[in-house]
Amino acid sequence: MLKFNIVLQFNPSVDVYKVGDDMLEFYFIATRKRLSMMVSSGIIVLVQEIDGVHSLNQICDKLEIEIRNDGLHEFLQYLLDRKVLEDVKEKKEAMSVLPDKELERYDRQFSYFDAVSKDSPYTFQKKLENIRFLIFGCGAIGSGIAIQLARAGARHFILVDKDKITADNMERHYFFEEKYVGMNKADALSDYLKRIDSQVNCECCNTIIDYDTELDSYLKHADFVVNTLDEPYIGFTSLKIGRACYALKMPLYVAGGFDAHLMSTGELIIPDETPCVDCYTTYFTDSLKDWKPSYNVSAITEEESSNSIFEVGGLASMSLFSTSYAVIVILNYLATGNARSTLGRGELLLDKLNIDYLNVPKNPDCHVCGKNK
């Protein structure tokens with residue numbers, strides 16, 4: 001039962017509409033969710049009086065409404081549970097976990113976290129600061145994911161990449177500047193992240209991930225792993241990293257956005273909840289067993305062919321699509337703990353402007369995550 005002296009206010013990211021004479025609709029601006037309900041005329045009048053200043057007792061006295069009405073309390077509790085309404089006192093207490101400077105900095109994203117997180121947005125923001133992200137690959141996709149996570153409030157990164165920045169990276173890599181050409185990608189990205197937030201801490205590993213690379217030394221310091229490494233190729237690195245993550249029950253996001261999949265989404269892999277990396281590998285192997293690709297060899301220069309450095313490339317906006325999609329999926333999972341709402345691998349088709357998702361199921365016979373493993 002609600003306390004009579006409770007002071008309520010509407011969530012600032014929720015618009016309230018009166019539809020006809022007996023319906024209220026609550027529209028969550030950040031997530032586009034709608035909540036509609038039939039109500040009495042008395043409830044509509046009560047809703048108009050909720051202002052974040054006057055207590056429930058004061059409002060009921062003004063409107064001459066019986067405050068002990070169980071139906072009234074049930075209605076208000078329903079709106080509180082769904083974060084349409086807020087308890088002003090509880091919100092102030094929740095905000096106290098963050099300093100004023102961070103409350104101001106992250107003010108615009110609190111409404112989104114409030115709409116998706118199980119906890120208060122301020123509790124989740126504090127949690128995000130302490131999550132250690134291990135990012136394999138600091139190219140256009142990996143760097144873009146790191147940048148957006150840092151802007152959202154993440155402060156701990158382990159960055160793994162063997163490559164140095166070249167002039168042609170500046171077209172797709174949002175943070176690369178001319179002064180970074182010749183630097184290791186991980187070091188340059190670290191420098192940029194610290195310009196976003198001086199409290200960001202980065203461990204840079206300028207090394208190659210190869211067939212015999214031992215991964216535990218990286219994974220033991222991480223809470224969440226992102227793979228964007230497409231060398232030797234993305235299938236190999238994902239399989240190697242994915243199996244290691246599964247053994248440690250660690251969440252992994254395999255990003256999309258490289259070469260032939262420039263406008264692709266990636267897959268979130270949560271051990272024993274979603275298809276594992278081997279499930280995806282088996283699915284693609286079976287699906288493509290009769291496919292024989294042909295290549296436009298005339299587009300590959302002699303230098304690229306001899307050094308095996310040919311890359312398709314693409315627009316910066318293509319990379320931005322894949323990185324933005326990735327960060328939304330990652331933050332949603334961290335805020336909710338729910339991996340089942342994600343749709344997995346998909347391709348944004350430019351001619352139709354819609355995402356074509358592949359329905360990759362868990363393989364019951366998978367030797368990694370299957371029932372008979």
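**Cysteines, rings and a serine**

The disulfide count here is 0. Keep in mind that this is a predicted model.

The cut-off is a sulfur pair within 2.5 Å. Cysteine 369 is buried, because its relative accessibility is 10%. Cysteine 60 is buried too, with a relative accessible area of 1%.

Now the rings. How many aromatic pairs are there? The count comes to 12. Take phenylalanine 113 with phenylalanine 124. Their centres are 4.8 Å apart, their planes sit at 75°, and the pair is edge-to-face. Phenylalanine 113 is in helix α6, residues 107–116, and phenylalanine 124 is in helix α7, residues 121–130. So the pair ties together parts that are 11 residues apart in sequence.

Next pair: phenylalanine 136 and tyrosine 218. The centres are 6.0 Å apart and the planes are at 70°, so this one is edge-to-face. Phenylalanine 136 lies in strand β6, residues 132–136. Tyrosine 218 lies in helix α10, residues 216–219. This pair therefore ties together parts that are 82 residues apart in sequence. Phenylalanine 136 and tyrosine 218 are both buried.

Look at lysine 249: its charged end sits over the ring of tyrosine 246, 4.0 Å from the ring centre. Lysine 33 places its charged end over the ring of phenylalanine 28, and there the distance to the centre is 5.2 Å.

Last stop, serine 238. Where is it? Serine 238 is in helix α11, which covers residues 234–247. Its relative accessibility is 6%, so serine 238 counts as buried. What does its side chain reach? It reaches the backbone oxygen of isoleucine 234, at 2.9 Å. Setting aside neighbours within four places in sequence, serine 238 is in contact with Asn227, Val254 and Val277.

That's the tour. Over to you.

Conventions. Residues numbered from 1 in each chain as written. Predicted model: local features only at pLDDT ≥ 70, side-chain atom pairs only at ≥ 80, totals over all residues. Heavy atoms only, no water. Helix = DSSP H or I, 4+ residues; strand = E, 2+ residues; numbered from the N terminus. Buried < 20%, exposed > 50% of the residue type's maximum accessible area, 1.4 Å probe, protein only. Polar contact = N/O pair within 3.5 Å; in protein donor to acceptor, adjacent residues only side chain to side chain. Contact = heavy atoms within 4.5 Å. Phe/Tyr/Trp six-rings, centres within 6.5 Å; stacked < 30°, edge-to-face > 60°. Lys NZ or Arg CZ within 6 Å of the ring centre and 35° of its normal.
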